[in-house]
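This briefing sets out the architecture of one protein model for computational work. Please view the sequence and the coordinates alongside the points that follow.

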Amino acid sequence: ETGGRNMGNYRGHIKARDRIGMYPMMGQHIIIHWEKCKARGVPLQAALVVGAPPCVSYAAVQKVPYGVDELAIAGGLAGEPIKLVKCKTVDIEVPADAEIVFEGLISTDWLEPEGPFGESHGYMHPRQFNPFMEVTAITHRKDAIWVSWISQVTPSESSVIKKSGYETMFYEHLRYTCSIKSVKRVVMHEPLTNLRKFIIIQMSKPSETDTWRALHQAATFHQGVGKIVVAVDEDIDPTNTDAVLWAMCYRMKPHQDVHIVSGMEKGHGPPFQFDEGGKIVDEISFYNPANDSAMLVNAIQKEPLPPVSLPKREYMEHAKAIWEELGLPPLKPEALWYGYSLGQWSDELDEEALLAVQGRHFATGEKLKARRKKA
């Protein structure tokens with residue numbers, strides 16, 4: 001209808017020498033094309049590309065607006081057009097530098113049970129009725145290389161690509177599209193939770209308005225992404241879950257700083273069946289029911305707090321240097337490995353700390369003795 005092409009990243013279930021099952025996932029653009037072909041009574045032409053240039057893989061996993069050509073995005077990333085070649089048996093162009101290409105027709109007449117499959121969200125995705133592709137040709141370059149990996153809950157190559165792409169996309173959206181200049185970084189938690197569910201937004205001295213704008217925009221930017229969204233200060237390392245939980249425990253009050261947003265869809269993850277008007281549905285669909293919610297957490301510091309209870313950075317760095325001089329095992333300092341002020345600290349206390357370092361703490365003791373009062 002349009003001449004536009006679409007590219008995505010999907011799992012493939014090898015079922016026979018000439019048949020590959022697939023899980024298109026709800027909300028993916030391939031469903032739009034599949035449903036259009038189904039309405040016309042024709043199969044959907046497709047090509048499964050193995051070993052494409054890295055920028056093609058990077059573009060394939062991005063969530064770009066429908067109608068935008070992912071191969072054009074890949075060319076933009078590469079700084080030059082992607083070399084394409086026409087398939088032998090289907091009317092599709094594929095990257096000419098790919099290792100192997102499986103050409104075929106995705107049936108719109110039949111669905112087959114597919115799976116179960118160990119998914120990146122940490123659960124076994126159950127067997128469902130999904131489309132399949134009848135292979136019509138296999139082409140490859142000479143001495144083609146097949147790179148494979150085994151992945152269930154450990155990050156795969158595609159998830160690493162997705163992580164860097166998702167985080168950059170959300171950061172650009174919040175900082176530039178929404179003009180929230182206090183946004184410094186967006187991190188999407190990967191282990192087990194699979195990027196989509198737990199988002200941390202690092203911000204630098206944001207206004208309360210900007211904090212809530214960032215939280216709401218992140219939760220609604222892409223369907224099924226953003227179940228728990230947390231805003232933290234610049235001193236909190238968003239990649240360190242311990243630091244994020246520390247901020248949540250001491251910099252937010254749940255009755256004031258947590259918003260629950262309803263009308264959200266579940267997205268990729270269990271449960272995998274839902275009731276659609278009395279009918280249990282587990283097949284492909286572009287829309288999920290809006291029966292889930294998102295939790296937005298404002299863990300930004302709102303009032304002065306005591307300092308982090310560790311020596312100042314200069315002392316910790318000196319200790320680290322001594323450690324290394326002694327040839328002890330390498331250290332890997334994480335966030336909160338030195339102390340710093342969070343506002344609730346006076347010049348007098350700073351002076352007393354210096355006296356302690358100098359071994360003159362008795363002077364502080366005499367000063368405090370002079371301030372005695374009756375019990």
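**Overview**

The protein chain contains 10 helices and 18 strands; helices (H or I, at least four residues) and strands (E, at least two) are DSSP runs, numbered from the N terminus. Its radius of gyration is 27 Å, well over the 21 Å that the globule rule gives for 375 residues, so the chain is more spread out than a compact globule. Here the radius of gyration is taken over C-alpha atoms, and the globule rule is 2.2 Å times the number of residues to the power 0.38. The model is predicted: local features need pLDDT of at least 70 and side-chain atom pairs count only at pLDDT 80 or more, while totals for chains, interfaces and linings use all residues. Residues are numbered from 1 along each chain as its sequence is written, and side-chain values use heavy atoms, with hydrogens and water left out.

**Overall dimensions and surface**

- Taken along the principal axes, the C-alpha atoms of the protein chain fill a box of roughly 95 × 55 × 35 Å.
- Of the 375 residues in the protein chain, 39% are buried (buried means under 20% relative accessible area, exposed over 50%, partly exposed in between, with a 1.4 Å probe and protein chains only).
- The protein chain exposes about 21,900 Å², of which carbon and sulfur atoms supply 56%; accessible areas come from the Shrake-Rupley method with a 1.4 Å probe, and for residues only the protein chains shown count as cover.
- Among contacts (heavy atoms within 4.5 Å) between residues at least 6 apart in sequence, 70% join residues at least 24 apart.

**The antiparallel sheet**

- An open sheet of 5 strands has antiparallel pairing and the order E1-E2-E11-E6-E3; two strands pair if DSSP finds at least two bridges between them.
- Strand E1 (11-16) and strand E3 (44-50) stand at the edges with a single partner strand each, so one side of each is left without a neighbour in the sheet.
- From one strand to the next, the twist averages 35°; axes are lines fitted to C-alpha atoms, for helices over the stretch in contact, and angles run from 0 to 180 degrees between N-to-C directions.
- Helix H1 (residues 29-40) packs on this sheet and touches E2, E3 and strand E6 (100-106), with a direction that makes about 145° with that of E3.
- E1 and E2 form a hairpin with 2 residues between them, and their antiparallel pairing comprises 5 bridges.
- Within that pairing, Arg 11 has Tyr 23 in E2 as its bridge partner.
- Strand E2 (residues 19-23) pairs with strand E11 (residues 132-140) in the antiparallel sense over 3 bridges; Ile 20 stands opposite Met 133 in E11, and Gly 21 stands opposite Phe 132 in E11.
- E6 and E11 also pair in the antiparallel sense, over 7 bridges, and the bridge partner of Glu 103 in E11 is Ala 137.

**The mixed sheet**

- Another open sheet of 5 strands has mixed pairing, in the order E12-E13-E14-E18-E15.
- Its edge strands are strand E12 (183-188) and strand E15 (258-264), each of which pairs on one side only.
- The twist in this sheet averages 15° from one strand to the next.
- E12 and strand E13 (residues 198-203) run antiparallel and are joined by 5 bridges, with Val 183 opposite Met 203 in E13.
- Helix H5 (residues 208-220) lies across E12, E13, E14, E15 and E18, running at about 150° to E18.
- H6 lies across E13, E14 and E18, running at about 80° to E14.

**Selected residues**

- Asp 292 belongs to strand E18 (residues 292-298).
- Apart from neighbours within four places in sequence, the contacts of Asp 292 are Lys 227, Val 261, Ser 262, Gly 263, Met 264, Glu 265 and Lys 266.
- Asp 292 and Val 49 lie 243 residues apart in sequence and 35 Å apart in space, C-alpha to C-alpha.
- Asp 235 is located in the loop between strand E14 (228-232) and helix H6 (241-250), and this residue is partly exposed, with a relative accessible area of 25%.
- Not counting residues up to four places away in sequence, Asp 235 touches Arg 251, Tyr 340 and Leu 342.
- The C-alpha atoms of Asp 235 and His 361 are separated by 30 Å, with the two residues 126 residues apart along the chain.

**Helix H8**

- Helix H8 (residues 313-325) has 13 residues and reaches 18 Å from its first C-alpha to its last, close to the 18 Å expected at 1.5 Å a residue; the expected span is 1.5 Å times one less than the number of residues.
- Gly 327, which follows H8, has a positive phi near 70°.
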